[in-house]
Amino acid sequence: MSTQTDQQSSLISKVLRGLDVSVTASAIVFWLIVLWWAHSQEMARTKFGVIFVGGIMSVYAIDQTRQALKEGDRIDAAVLLPSAIILISASAYFAANFQTVYVMQQGYALEHEYMLARIIILSILYLTWREFGNLFLGLVGGAMIYGIYGNYAPGILNHGGMTELTLLQALVTDLYGFYGSLTQLTAAWIAPFLLYAGLLFGYGAFDLILRVAIQSGKYIESGVAQTAVLSSAVIGSINGSYTANAAMTGSFTIPTMIDSGMKPHRAAGIESVASTSGQVLPPVMGASAFVMASYLGVSYLDIVTAGLIPAAILVACIGIAVHYIAISDTSSQNMDFDEFFDDELSGRQKMFEGIRFGIPFLVLIYLLGIVQFTVMTAALWTIISMVICGITVPVIQRLVDRSETSPVAEFTQQAKNTVRGFRRGAIILAPIAIILVAVNGVIDIFSVTGVPNKIALLLIDLSGGVLLFAVLLAMLVAILMGVGMPTVAAYVIVAILIAPTLVADFGIPDITAHYTVFYAAILAGITPPVATAAVVTAGIAGANFWRVCGAAIKIAAPLFILPIAFVYNPAMISMDLAMPGIVAGTLVLLGSISMIYGLNYPFAISAGRRVALRLFLTVLGMVVMVYPGQVVKSAGIVVFLGIFVAEKVMTDGRSLPFTSGVDQ
């Protein structure tokens with residue numbers, strides 16, 4: 001029996017090693033195809049999208065099969081591989097017969113193609129359920145059921161219904177649906193940037209960020225907590241999922257904050273807010289920037305520019321709130337550098353690391369911002385420069401330092417890191433690709449059945465034509481749609497369903513409407529009762545979920561008001577950073593700080609006065625943020641500054657009409 005068990009273990013180990021190598025090999029082949037197309041574009045974009053789906057699904061399925069076998073879940077592994085084989089075979093079939101299927105057979109298909117479409121739908125449903133759970137499966141499956149049986153839907157949502165064959169054509173055989181514009185956008189724009197992110201991981205850029213953050217913590221009173229915010233926000237901007245980011249970065253930031261003396265529910269709240277807010281930070285914005293640029297028909301750089309002022313407001317508010325929380329918990333806020341790294345970088349090493357990662361970033365900025373290449377071309381040359389710098393700079397450093405490590409050995413190591421980066425990029429991309437393929441199908445069903453127009457009529461009817469009510473309802477729908485979804489998927493759905501109504505019926509500018517629903521959609525990560533980011537961080541911290549949500553909402557309170565502020569202060573969402581936008585943004589920022597100060601500062605006054613002051617400052621901040629008139633804004637800011645100065649005088653021991661008491 002023991003011998004048989006050993007043989008089975010040995011066989012499983014060999015299979016795992018084989019799958020591990022297969023993941024790496026398939027990732028490299030996949031990225032070579034992506035880079036070749038980005039360079040040549042010799043293939044129709046739709047055909048490339050078809051091949052892209054098969055390629056990324058193969059990487060995902062092999063990697064997840066390896067993980068399932070490693071965890072002993074053979075049933076999952078047995079379902080994953082057939083799903084991948086189906087999707088790869090479908091991609092091969094549609095690519096080989098592209099002219100016939102896409103051009104000559106629009107509106108109908110052969111019987112075996114309909115059967116293939118049924119199997120593809122089942123495979124995608126399984127993969128979306130496996131990666132994102134029952135909630136998203138319900139959305140995709142519910143959209144399909146609505147498409148077929150919409151003639152039984154009540155009231156305004158009623159439509160004529162789709163036959164099964166019409167649904168199969170819309171989702172698969174016409175090469176729209178799952179293979180449509182959103183999937184093609186992912187293949188052309190989002191994928192190369194996530195390869196860049198994978199290379200940054202492979203070459204250790206995020207270790208460098210953490211080093212910088214830890215060093216800065218020596219000079220900032222709330223250093224540990226600020227480190228958590230910085231690392232989570234930077235990685236979250238690229239990651240594309242606040243839930244995944246909370247799990248990844250929270251696994252080391254939350255225990256570190258708790259060890260420094262911070263209360264567990266506050267540490268979890270800080271991490272959930274940092275992971276969520278990272279999704280809206282330029283330049284990547286959780287991959288949503290590329291989709292928004294495509295929808296609005298403007299350049300990617302315009303979208304990033306429009307997001308700078310809101311992002312600055314968000315970062316400043318969270319940084320201030322985290323500082324107040326850290327000092328209120330009287331935590332030590334000192335991070336042990338040796339706990340994370342074996343040695344400290346010398347000045348020369350920092351210089352080489354700056355060159356290594358700085359040059360590709362400058363290439364990206366130059367190509368996008370100055371010469372204004374397409375996103376695809378800019379990403380391609382950024383990746384090439386990253387690979388060149390990632391490999392050669394450490395080799396040059398070894399030659400200059402005359403290190404014990406030979407240049408050849410260093411070259412070999414960095415070549416391995418490049419391969420790891422290619423693999424990591426594919427693994428980061430795979431879940432995003434799966435969700436966007438599925439969402440593309442949902443959007444196609446919505447378009448065929450006219451759901452966006454129905455939602456528009458419903459929104460106007462419920463709001464009574466009042467802009468404020470319409471925005472609040474739009475935010476509510478966006479939060480509900482964003483539950484459990486990656487950022488880009490949530491944005492796509494609300495951009496299709498809600499943003500057009502705000503533009504057409506309430507006269508809100510396009511870019512403002514899209515940023516409004518985008519910011520609202522990410523609030524699902526910290527809004528109870530679901531609050532998936534808070535669920536994850538509460539589990540890591542061992543804290544009560546509701547207390548974590550409360551701490552997160554106090555930190556991110558201005559984020560709940562910002563979408564409304566966008567609508568009433570549209571100048572702050574500007575593609576050219578003009579002075580009116582900067583002025584409007586500054587006033588909104590000061591209103592946000594009033595809210596943060598009121599909700600988070602440890603006032604040394606009696607409990608009753610403390611509650612009243614917190615409520616007053618919060619309401620005052622909301623008025624300053626939202627009210628469009630600058631006179632009212634300025635008056636509110638003067639009141640806030642007066643309270644702020646009075647509190648500082650009081651803490652210095654001056655005579656003021658406040659009693660003692662400390663906020664714990």
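User: Is Trp 381 buried, exposed or partly exposed?
Analyst: This is a predicted model. Trp 381 has a relative accessible area of 42%. Buried needs under 20% and exposed needs over 50%. Trp 381 therefore counts as partly exposed.

User: Where is the place of Trp 381?
Analyst: Trp 381 is one of the residues that make a nonpolar surface patch of about 660 Å². Its place in the chain is helix H17.

User: Which element gives the largest share of the nonpolar patch?
Analyst: The patch is made by Tyr 366, Ile 370, Val 371, Phe 373, Trp 381, Ile 384 and Ile 388. Two elements give two or more residues to it: helix H16 (347–370) and helix H17 (375–401). The largest share is three residues, and it comes from H17.

User: Which side chain of opposite charge is nearest to Asp 174?
Analyst: Asp 174 sits in the loop between helix H6 (164–173) and helix H7 (181–203). Asp 174 is buried, yet it has no salt bridge. A salt bridge needs the charged atoms within 4 Å. The nearest side chain of opposite charge is 14 Å away, and it is Arg 118.

User: Which residues does Asp 174 touch, not counting those up to four places away in sequence?
Analyst: Contact here means heavy atoms within 4.5 Å. On that basis, Asp 174 touches Tyr 102, Gln 105, Gln 106, Gly 107, Tyr 108 and Gln 169.

User: How many aromatic pairs are there?
Analyst: Rings pair if their centres lie within 6.5 Å. By this rule the count is 23.

User: What kind of aromatic pair do Phe 518 and Tyr 519 form?
Analyst: Their ring centres are 6.1 Å apart. The angle between the planes is 90°. Planes over 60 degrees apart set the class. The pair is edge-to-face.

User: Are Phe 518 and Tyr 519 buried or exposed?
Analyst: Phe 518 has a relative accessible area of 1%. Tyr 519 has a relative accessibility of 0%. Under 20% is the cut-off, so each counts as buried.

Methods: Residues are numbered from 1 along each chain as its sequence is written. This is a predicted model: local features need pLDDT of at least 70, side-chain atom pairs count only at pLDDT 80 or more; totals for chains, interfaces and linings use all residues. Side-chain values use heavy atoms; hydrogens and water are left out. Patches are made of residues with over 30% relative accessible area and no salt bridge: like charges are joined within 9 Å, nonpolar side chains (Val, Leu, Ile, Met, Phe, Trp, Tyr) within 5 Å. Accessible areas come from the Shrake-Rupley method with a 1.4 Å probe; for residues, only the protein chains shown count as cover. Helices (H or I, at least four residues) and strands (E, at least two) are DSSP runs, numbered from the N terminus. Buried means under 20% relative accessible area, exposed over 50%, partly exposed in between (1.4 Å probe, protein chains only). Lys and Arg count as positive and Asp and Glu as negative; His and the chain ends are not counted. Rings of Phe, Tyr and Trp (its six-membered ring) pair if their centres lie within 6.5 Å; planes under 30 degrees apart count as stacked, over 60 as edge-to-face and the rest as tilted.
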